[in-house]
Amino acid sequence: MPIAVASMGVVLAAPASKTWESLGQLKAGVPIEVVTRDHAEKGEFVSSSTESLTIHTRHGEQRFSRPEVVRVVSRTESRRMRNALIGVGVGAAIGLITDQTLGAYLRNESNPASARPLIWILPIAVCGGIGAAFPSHPVIYRK
């Protein structure tokens, strides 16, 4: 089970190569989050150039120079449901493997009626929860 959960984490957290130029594909008004070394600021995309990024926050327009921006995250679409479903699928696979190995042994030896639901429900719930806990917004730019 630990190998499956770790491999799920590697797949979901695989770094994507997002360049500064990908900010040019954003439309004005799209909600984004700009992360710097000091803080993170949420707002709507205004514009970007080769040297800076401008967003509109509730405090007005804010400009970030390219060297200080660590990451830009899109806030329009959430991938939390997709991540949870991947986790549920991994949990179901773990449940199937456990049921066919440990479950078969338990059914032959002591025949506990309450073990079978636990063998299925526990890995599905744990892996689904782990999948839902992963960051759910796509990264547009990463330094």
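Q: Helices (H or I, at least four residues) and strands (E, at least two) are DSSP runs, numbered from the N terminus. In which strand does proline 31 lie?
A: Proline 31 lies in strand β1. This is a predicted model, in which local features need pLDDT of at least 70 and side-chain atom pairs pLDDT 80 or more, while totals for chains, interfaces and linings use all residues. Residues are numbered from 1 along each chain as its sequence is written, and side-chain values use heavy atoms, without hydrogens and water.

Q: How many helices and strands does the protein chain have?
A: The protein chain has 3 helices and 6 strands. Read from the N terminus, their order is α-β-β-β-β-β-α-α-β.

Q: Why is proline 31 called partly exposed?
A: The relative accessible area of proline 31 is 34%. Buried means under 20% and exposed means over 50%, with partly exposed in between (1.4 Å probe, protein chains only). The 34% of proline 31 falls in between, so the residue is partly exposed.

Q: What is proline 31 in contact with, leaving aside its neighbours within four places in sequence?
A: Contact means heavy atoms within 4.5 Å. On that basis proline 31 touches Gly43, Glu44, Ser74, Arg75 and Thr76. Glycine 43 is 12 residues away from proline 31 in sequence, and their C-alpha atoms are 5.6 Å apart.

Q: What makes the pair of arginine 75 and glutamate 33 a salt bridge?
A: A salt bridge needs a side-chain nitrogen of Lys or Arg within 4 Å of a carboxyl oxygen of Asp or Glu. Arginine 75 and glutamate 33 have an N to O distance of 3.4 Å, so the pair meets the cut-off. Arginine 75 is in the loop between β5 (69-74) and α2 (80-109) and glutamate 33 in strand β1 (residues 31-36), so the bridge ties together parts 42 residues apart in sequence. The whole structure holds 1 salt bridge.

Q: Are the two partners, arginine 75 and glutamate 33, buried or partly exposed?
A: Arginine 75, with a relative accessible area of 29%, is partly exposed. Glutamate 33 has 16% and is buried.

Q: How do you know whether the rings of tryptophan 20 and tyrosine 141 are stacked, tilted or edge-to-face?
A: Rings of Phe, Tyr and Trp (its six-membered ring) pair if their centres lie within 6.5 Å; planes under 30 degrees apart are stacked, over 60 edge-to-face and the rest tilted. The structure holds 1 aromatic pair. Its ring centres, in tryptophan 20 and tyrosine 141, are 5.1 Å apart and the planes stand at 90°, so the pair is edge-to-face. Tryptophan 20 is in the loop between α1 (2-12) and β1 and tyrosine 141 in strand β6, so parts 121 residues apart in sequence are tied together. Both residues are buried.

Q: Which residues touch the most other members of the largest nonpolar core?
A: A nonpolar core is a set of buried Ala, Val, Leu, Ile, Met, Phe, Trp, Tyr and Cys residues joined through side-chain atoms within 4.5 Å. The largest one has 14 residues, and Leu23, Leu26, Ile32, Val34, Leu53, Val69 and Val72 touch the most other members. At least two residues of this core come from each of β1, β3 (52-57), β5 and β6 (139-142). Beyond four places in sequence, the contacts of leucine 53 include Trp20, Leu23, Val34 and Val72.
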